Amino acid sequence: VASEKLHVELVSPEKRVWSGEASMVSARTLDGDLGILPGHTPLLGVLVDGTVTIKSDSGAEEFSVHGGFLSVAKNRVSILTETVD
């Protein structure tokens, strides 16, 4: 369904970095690059150092992350990173 959105939370130990509705999230994990769209299969991935891109109605934002985890379930994407720039 085109109107579906992802609810995304990008957090580090210090703060919530980004929170909101997005149309797509891309990230790099130990298993390779992921593109996550609404309706994505549930997964848990280990992040590697790289860029997380969050595309929302206000445009695309990129964050440089260092380690952490990414989980996807029921159009909710949680990204927990050790550090983010």
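Is Thr29 buried or exposed? Please bear in mind that we are looking at a predicted model. Thr29 has a relative accessible area of 5%, and because the cut-off for buried is under 20%, Thr29 counts as buried. Its place in the fold is strand S3, which covers residues 24-29. Setting aside the neighbours within four places in sequence, the contacts of Thr29 are Leu34, Gly45, Val46, Leu47 and Val48.

Let me stay with strand S3 and turn to its pairing. S3 runs antiparallel to S6, and the two are paired over 3 bridges. Within this pairing, Met24 is found opposite Lys55 of S6.

S6 has another partner to consider. S6 and S7 also pair in the antiparallel sense, here over 7 bridges. Thr53, for example, faces Glu62 in S7. How enclosed is S6 by the rest of the structure? Of its 7 residues, 5 are buried, and S6 is therefore largely enclosed by the rest of the structure.

I now move to the charged side chains.

The side chains of Asp57 and Lys5 form a salt bridge, with a distance of 3.0 Å from N to O. This pair links distant parts of the chain, 52 residues apart: Asp57 sits in the loop between strand S6 (50-56) and strand S7 (59-73), while Lys5 belongs to the segment before strand S1 (6-11). Asp57 is exposed, at 72% relative accessibility, whereas Lys5 is partly exposed, at 30%.

Another salt bridge brings together the side chains of Arg16 and Glu9, at 3.1 Å from N to O. Here Arg16 is exposed, with a relative accessibility of 57%, but Glu9 is buried, with a value of 18%.

The remaining pair is Arg28 and Asp33, whose closest N and O atoms are 2.6 Å apart in a salt bridge. Arg28 is partly exposed, at 42% relative accessibility, and Asp33 is exposed, at 56%.

To close, I return to the opening residue. Thr29 is buried and lies in strand S3, and S3 pairs with S6 in the antiparallel sense. Thank you for your attention.

Technical notes
Residues are numbered from 1 along each chain as its sequence is written. This is a predicted model: local features need pLDDT of at least 70, side-chain atom pairs count only at pLDDT 80 or more; totals for chains, interfaces and linings use all residues. Side-chain values use heavy atoms; hydrogens and water are left out. Helices (H or I, at least four residues) and strands (E, at least two) are DSSP runs, numbered from the N terminus. Buried means under 20% relative accessible area, exposed over 50%, partly exposed in between (1.4 Å probe, protein chains only). Contact means heavy atoms within 4.5 Å. A salt bridge is a side-chain nitrogen of Lys or Arg within 4 Å of a carboxyl oxygen of Asp or Glu. Two strands pair if DSSP finds at least two bridges between them.
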